Amino acid sequence: MYLILLGAPGVGKGTQAKMLMKKNDIPQISTGDILRSEVADQTELGLRAKEIMARGELVSDDIILGMVENRLSMPDCKKGFILDGFPRTIPQAEGLDVLLEKMNILNLKVIEIYVPQEELVRRLTSRRICANCGKDYNISVKPLPPGGKCERCGGDIIQREDDKEATIKNRLQVYQELTAPLVSYYQGKGNLHRVDGKKSVDSVFDNIEKILLARGQ
Ligand code: AP5
């Protein structure tokens, strides 16, 4: 299965990608997670990306394409992969087309998850993550564990720098300007499917699975 999960910040791409990864035993490739780990490791790329991400803007296409090309060349991608948060611009989508052609991958599917904007702001302002293992907590669903420590690894639970309300607004605007045009891009290629992301996590997952099964995955 070769899949892109497309959608605005907070629609649930990461949540669904992790579930699909477990069920299908193929990697989730999140450019956001790769960048956050570069930031945490204070690499040269991480130092450059940190401020851009904190403002809710996009890291340059050539950096992202290099990063993705490197990741897709790893052996665990041979059976398939789920792209989460990539591509995010038309040049990234065109770059991906070139990579897929080189890899002889013809059956890429794209699923757009859509959620109304006010719900996105609610989900993102109430999201917290473990600074160590990345586990997701959402205080609108459940209070944090005692002491604010992760129940999986004991790490500190924090708010993502870009989950502050002003930055969320910018991320949503950047999505509309630079990423939303990908919907028409993939519609034009005939491989776009849409899923209502406002339903429960399990129901969104079932609907994604139905699309994948209907298409012979
Ligand atoms: P990235 O990490 O990709 O962030 P994003 O796209 O903004 O996505 P999020 O992780 O915020 O949301 P999501 O859709 O994955 O939702 P989630 O499942 O977490 O990118 C961060 C930054 O890195 C970018 O702004 C940019 O600077 C840079 N970057 C990354 N990729 C790049 C690229 N390709 N090019 C250039 N720059 C790039 O869910 C959100 C919350 O909602 C969670 O708390 C979750 O529990 C909850 N939730 C999920 N599903 C449901 C549901 N069905 N009902 C209720 N709550 C739900």
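This is a predicted model: local features need pLDDT of at least 70, side-chain atom pairs count only at pLDDT 80 or more; totals for chains, interfaces and linings use all residues.
Helix 1 (13-24), helix 2, helix 6 (117-125) and strand 6 (136-138) each contribute at least two residues to the shell around the ligand. Helices here are DSSP runs of H or I with at least four residues, strands are runs of E with at least two, and both are numbered from the N terminus. The greatest contribution to this shell comes from helix 2, with four residues.

Residues are numbered from 1 along each chain as its sequence is written, and side-chain values use heavy atoms, with hydrogens and water left out.

Let me stay with the ligand. How many residues surround the ligand? There are 33, and the closest are Thr15, Glu57, Arg127, Asp136 and Arg171. A residue is counted as near when one of its heavy atoms lies within 4 Å of the molecule. By class, the shell divides into 11 nonpolar, 11 polar and 11 charged residues. In this scheme Ala, Val, Leu, Ile, Met, Phe, Trp, Tyr, Cys and Pro count as nonpolar, Asp, Glu, Lys and Arg as charged, and the others, Gly among them, as polar.

Several polar contacts can be named individually. A polar contact is a pair of N or O atoms within 3.5 Å; within protein, one must be able to donate a hydrogen and the other to accept it, and residues adjacent in sequence count only if both atoms are side-chain atoms. The side chain of lysine 13 has an N or O atom 2.9 Å from an oxygen atom of the ligand. For arginine 36, a polar side-chain atom lies 2.8 Å from a ligand oxygen atom. Glycine 85 takes part through its backbone, where a polar atom is 3.0 Å from a nitrogen atom of the ligand. Taken alone, the ligand exposes 1000 Å², and the protein buries 92% of that. Accessible areas come from the Shrake-Rupley method with a 1.4 Å probe; for residues, only the protein chains shown count as cover.

I turn now to the nonpolar core. The largest one has 54 residues, and those with the most contacts inside it are Leu72, Phe81, Tyr186 and Ile208. Such a core is a set of buried Ala, Val, Leu, Ile, Met, Phe, Trp, Tyr and Cys residues joined through side-chain atoms within 4.5 Å. Buried means under 20% relative accessible area, exposed over 50%, and partly exposed in between, with a 1.4 Å probe and protein chains only.

Leucine 72 lies in helix 4 (residues 61-72) and is buried, because its relative accessible area is 3%. Contact, meaning heavy atoms within 4.5 Å, links leucine 72 to Ile29, Cys77, Phe81, Leu83, Leu96, Leu99 and Met103, not counting residues up to four places away in sequence.

Isoleucine 208 belongs to helix 9 (residues 201-214). Is isoleucine 208 buried or exposed? Isoleucine 208 counts as buried, because its relative accessibility is 0%. Leaving aside neighbours within four places in sequence, its contacts are Leu5, Gln16, Leu20, Ile111, Ile113 and Val195.

Finally, I come to the backbone. Most residues other than glycine have a negative phi, and most peptide bonds are trans. Phenylalanine 86 and proline 87, however, are joined by a cis peptide bond with omega of about -5°. Proline 87 sits in the loop between strand 3 (81-84) and helix 5 (90-102). Threonine 179, in helix 7 (residues 165-179), touches Leu6, Pro87, Arg88 and Val174, not counting residues up to four places away in sequence. The side chain of threonine 179 also reaches the backbone oxygen of arginine 88 at 2.7 Å.

Glutamine 42, with phi near 55°, is in the loop between helix 2 (31-40) and helix 3 (44-55), and is exposed because its relative accessibility is 59%. Asparagine 104 has phi of about 60° and is placed in the loop between helix 5 and strand 4 (108-114). Asparagine 104 is likewise exposed, with a relative accessible area of 62%.
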